[in-house]
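Me: I've got a structure open and I'm new to it. Can you walk me through it?

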Amino acid sequence: MNVSDSKNDNSFQNKQNARMIITSGGMEPDDRKLFDSGLTFDPAMTHNDYVLALEDEKRNVNESLSMYVHLPFCPSRCLTCDHQTSVSHDHKEIDRYLDTLEIEIQLVTDHLGRGRHLQQLHLGGGTPNYLSEVQLVRLVDMLDKYFSIDAQTESSLDANAQRASMSQLSLLHGLGFRTLNIELRDLDPTVQKALGRHQSVSVVRDVFDNARQVGFDTVSTDLVYGLPMQSVASVQRTLDSLLELNPDRISCFTYSRRANLFQHQRAIDAQQMPSVADKVAIFSRIVD
């Protein structure tokens with residue numbers, strides 16, 4: 001059973017309204033990406049349908065749940081971003097989002113039942129660690145108020161290496177997070193420039209080291225192929241750097257330019273995109 005919460009009680013048509021996803025049982029790490037991008041709601045599903053789904057799930061009171069919380073805020077937007085995001089430098093806007101999120105959690109748990117155990121909790125975005133320390137504490141306290149979160153809960157989050165200070169990592173670990181996913185996409189400087197990103201290998205290495213030092217059980221990352229200015233040689237350099245970092249997990253995804261859905265992707269020069277043949281060669285190198 002999948003239940004999705006929406007800002008609008010009467011409609012699920014606007015996927016930007018999705019703030020959280022709750023599923024019965026567990027979910028694989030790569031499944032969470034479905035909630036970041038490409039998630040759509042059936043416009044035929046009504047408010048009453050949603051309430052009935054929650055009430056039906058309430059009967060499985062002894063079954064643990066998995067929860068994805070979407071935090072869409074970013075300090076800037078990567079040109080290839082295909083997530084539902086909002087660029088904001090006003091932390092009061094994030095506070096208002098958390099206000100609404102708590103109202104929605106209360107509405108959902110009124111039907112689902114409070115105190116249900118969370119088998120998994122994942123924070124995605126956006127940039128979850130763009131939240132201030134006070135906001136992160138508030139969020140976890142809020143979730144703990146309505147759900148049962150304990151040492152058996154697998155808590156994870158996506159993070160931007162440039163914002164992951166030692167103090168923030170220590171706080172996140174203290175809040176119960178044990179898996180940290182550093183979103184990289186690519187480490188080659190030329191590719192990063194084409195994406196509107198900048199994450200040096202030295203900064204990323206420090207974050208990996210610090211995360212392990214504070215006690216994270218798993219430090220993972222991602223690698224995206226099919227990016228502008230990407231080549232077999234550039235991906236090999238990124239792979240060499242990743243192997244030195246020795247992440248516990250690397251998730252590999254393909255990138256497809258969808259400027260009709262994400263207008264900022266129009267800023268990407270289509271001539272810089274690798275051909276289909278190049279993408280196949282890049283993927284083969286990654287697999288090898």
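**Starting at V140**

Reply: If you skip the neighbours within four places in sequence, V140 is in contact with L175 and F177, where contact means heavy atoms within 4.5 Å. Before we go on: this is a predicted model, where local features need pLDDT of at least 70, side-chain atom pairs count only at pLDDT 80 or more, and totals for chains, interfaces and linings use all residues. Residues are numbered from 1 along each chain as its sequence is written, and side-chain values use heavy atoms, with hydrogens and water left out.

Me: Where is the place of V140, and is V140 buried or exposed?

Reply: V140 sits in helix 4. Its relative accessibility is 14%, so V140 counts as buried. The cut-offs are under 20% relative accessible area for buried, over 50% for exposed, and partly exposed in between, using a 1.4 Å probe and protein chains only. Helices (H or I, at least four residues) and strands (E, at least two) are DSSP runs, numbered from the N terminus.

Me: How far apart are the C-alpha atoms of V140 and G176?

Reply: They are separated by 9.0 Å, and the two residues are 36 residues apart along the chain.

Me: What about helix 4 and helix 5, how do their axes cross?

Reply: At roughly 10°, and the axes come within 11 Å. That makes helix 4 and helix 5 roughly parallel. For the wording: under 35 degrees is roughly parallel, over 145 roughly antiparallel, 65 to 115 roughly perpendicular, and the rest oblique. Axes are lines fitted to C-alpha atoms, for helices over the stretch in contact, and angles run from 0 to 180 degrees between N-to-C directions.

Me: Which residues in helix 4 and helix 5 meet?

Reply: From helix 4 you have E133, L136 and V137, and they meet S167, Q168, L171 and L172 in helix 5.

Me: Switching to strands. Which strands pair with strand 8?

Reply: Strand 6 and strand 8 pair in the parallel sense over four bridges, and strand 8 also pairs with strand 9, again parallel and over four bridges. Two strands pair if DSSP finds at least two bridges between them. In strand 8, L157 is the bridge partner of L123, while S156 stands opposite T179 in strand 9. From strand 8 the chain runs through helix 5 (residues 166–174) to strand 9, a right-handed β-α-β crossover. Right-handed here means that, with the strands pointing away from the viewer, the path from the first strand over the helix to the second runs clockwise.

Me: How many residues of strand 8 are buried?

Reply: Five of its six residues, covering 154–159. Strand 10 (residues 218–225) is mostly covered too, with seven of its eight residues buried.

Me: OK, strand 10 then. What pairs with strand 10?

Reply: Strand 9 (residues 179–182) pairs with strand 10 in the parallel sense over four bridges, with I182 opposite T221. Strand 11 (residues 249–254) pairs with strand 10 in the parallel sense over six bridges, and there D222 stands opposite S251. Strand 10, helix 8 (residues 232–245) and strand 11 make a right-handed β-α-β unit.

Me: At what angle do helix 8 and helix 9 pack?

Reply: About 25°, with the axes of helix 8 and helix 9 (residues 276–287) 9 Å apart. They are therefore roughly parallel to each other. The contact is made by V232, V235, Q236 and L239 of helix 8 with A281, I282, R285 and I286 of helix 9.

Me: New topic, the backbone. Which peptide bond is cis?

Reply: The one from G125 to G126, with omega near 15°. G126 lies in the loop between strand 6 (116–125) and helix 4 (133–146).

Me: What is the phi of R185, and of N246?

Reply: R185 has a positive phi of about 70° although it is not a glycine. N246, also a residue other than glycine, has a positive phi near 55°.
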